[in-house]
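This report describes one protein chain from its coordinates.

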Amino acid sequence: FLKGLEAVVAACPDDVEAKALLAIQCWRNQDFGLEITSHAAVDALLDAVFAKAPNHPAHHYRVHLWDGEKAERALRSAAAIGGTAPGIAHQWHMAGHVYAKLHRHVEAAWQQEASSRTDHAAMARDRVMPFLIHNYGHNQGWLARSLACLGRGAEALAIAKNLAELPRHPKWNKGDDGDGIAGEARGVLAQVCTDLELWEEAVRLCRDGHLEASESVRLETERLGLLGVALFRLGRIDE
């Protein structure tokens, strides 16, 4: 398929869509064990796209291209990506990845809030449940973590608690397998409490049901582990 796209690019050098598809296929082929041997070469291909279409949503591909390599090389696209497809939450979200890796948490939180607002607008418009929106929990979880990095613990916890309170579903949002929105909520609540040393809050969350008991040994170990650490740090040794 990659070679076929190359043939199209060669035959139609002015076709920006062909170049964009070729760039993303270079990235996607990693799922089939074909690693990118030159990120700079794929980046140059994207430059050819943006030379003709500066607001092309392929900025998304550049962010993914450099996300695991050199995040600073994705900064140009991080600044542009949301505006290229403003109705898609993931476009705003991925810019937050870049800023978070560079410890630019104010910008990361701004991007994640934009992602959140886009998701909420879609739910209001289309009347869908949160668990039917791709990556809803992931987007909200990143927003909470970015806020926590700024010391905005109360806001981070409010978002994470809301995730825990959202409707469950036997397939799309189960509470006992660690996946989905409920699983994201558990992880974010525990991380925010640990990172900001909110030990009183951790105890409340474990006992009021936001960090709920589970039949899963792994999940229950995580919950009781957090509760034990919190009680120890509070000096409540008997408990």
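Of the 239 residues in the chain, 48% are buried. The model is a predicted one. Its secondary structure consists of twelve helices and zero strands, so the order of elements from the N terminus is α-α-α-α-α-α-α-α-α-α-α-α. Along the principal axes, the C-alpha atoms occupy a box of roughly 75 × 35 × 35 Å. When contacts between residues at least 6 apart in sequence are taken, 54% of them link residues at least 24 apart.

**Helix α9**

Helix α9 covers residues 153–165, which is 13 residues. From the first C-alpha to the last the helix reaches 18 Å, close to the 18 Å expected at 1.5 Å a residue. Its buried residues are Gly 153, Ala 156, Leu 157, Ile 159, Ala 160, Leu 163 and Ala 164. Seen down the axis of α9, these buried residues fall within an arc of 160°, so they line one face of the helix. Ala 154 and Glu 165 lie on the other side of α9 and are exposed. Which helices does the buried set of α9 pack against? The partners are α8 (136–149), α10 (180–195) and α11 (199–208).

**The cavity**

The structure holds one cavity of 30 Å³ or more. The space in this largest cavity is about 30 Å³. Its lining consists of Ala 23, Trp 27, Val 42, Leu 46, Tyr 61 and Leu 65. Three helices, α2 (16–28), α3 (39–52) and α4 (59–67), each supply at least two residues of that lining. By class, the lining has six nonpolar residues, with no polar and no charged ones.

**Arg 76**

Arg 76 is part of helix α5, which spans residues 75–84. Is this residue buried or exposed? Arg 76 has a relative accessible area of 54% and is therefore exposed, the cut-off for that class being over 50%. Setting aside neighbours within four places in sequence, Arg 76 is in contact with Asp 43, Asp 47 and Arg 62. Val 63 is 13 residues away from Arg 76 along the chain, and the C-alpha atoms of the two are separated by 9.1 Å.

**Loop residues with positive phi**

| Residue | Phi | Loop | Relative accessibility |
|---|---|---|---|
| Glu 197 | about 55° | between α10 and α11 | 47% |

Notes: Residues numbered from 1 in each chain as written. Predicted model: local features only at pLDDT ≥ 70, side-chain atom pairs only at ≥ 80, totals over all residues. Heavy atoms only, no water. Helix = DSSP H or I, 4+ residues; strand = E, 2+ residues; numbered from the N terminus. Expected span 1.5 Å × (residues − 1). Buried < 20%, exposed > 50% of the residue type's maximum accessible area, 1.4 Å probe, protein only. Arc of directions from axis to C-beta. Contact = heavy atoms within 4.5 Å. 1 Å grid on protein atoms, 1.4 Å probe; cavity = no way out; pocket = protein on both sides within 12 Å on 5 of 7 lines; lining within 4 Å. Points joined across faces, edges and corners; volume = space filled by probe spheres on them. Nonpolar A, V, L, I, M, F, W, Y, C, P; charged D, E, K, R; others polar.
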